[in-house]
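Hello,

Here is the structure for you to look through. My notes follow below it.

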Amino acid sequence: MSGGISQDWEPVVIRKKPPTAAARKDEKAVNAARRAGAEIETIRKSVAGTNKAASSSATLNTRKLDEDTENLAHQKVPTELKKAIMQARQDKKLTQAQLAQLINEKPQIIQEYESGKAIPNQQIISKLERALGAKLRGKK
């Protein structure tokens, strides 16, 4: 073979990349290292298992709540409004369900307004005014 061609008999070594930090921590890798007798270092994180963010601010909030003695209550539907809705609905000969369908709300909402349990919502009240053709809120 004389054309300048020769064979290279040096061994070629192909290496895998060293394991990443996550791979070194997974259970299989740790167990394999234990079996091989390699040294394994365990480090406990200083804040492991504690939700510091939640526990530190909670005491401030609870103290504020304890100090706050105000009696807070939702605004209820005034009696005049309840009666006005019922009267206007009955004048139009509509059921609560029909009225609810007219204003695209659930029948339960009409029931809550007429029983006074609902928290007044100006949008719903204006829908009711349009559907019933009556002024339900105070004179504007």
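A residue counts as buried under 20% relative accessible area, as exposed over 50%, and as partly exposed in between (1.4 Å probe, protein chains only). By that rule R89 is buried, at 9% relative accessible area, and E114 is buried too, at 7%.

The model is predicted, so local features need pLDDT of at least 70 and side-chain atom pairs count only at pLDDT 80 or more, while totals for chains, interfaces and linings use all residues. Numbering runs from 1 along each chain as its sequence is written, and side-chain values use heavy atoms, without hydrogens or water.

The whole structure holds two salt bridges (a side-chain nitrogen of Lys or Arg within 4 Å of a carboxyl oxygen of Asp or Glu). One joins R89 and E114, at 2.6 Å from N to O. R89 is in helix α4 and E114 in helix α6 (residues 107–115), so this pair ties together parts 25 residues apart in sequence. Helices here are DSSP runs of H or I with at least four residues, numbered from the N terminus.

The other joins K127 and E105, at 2.7 Å from N to O. K127 lies in helix α7 and E105 in the loop between α5 (96–102) and α6, so these parts are 22 residues apart in sequence. K127 is partly exposed at 27%, as is E105 at 22%.

R89 also belongs to the contact (heavy atoms within 4.5 Å) between α4 and α7, along with L81, I85 and A88 of α4 and I125, L128 and L132 of α7.

Regards

Notes. Helix = DSSP H or I, 4+ residues; strand = E, 2+ residues; numbered from the N terminus.
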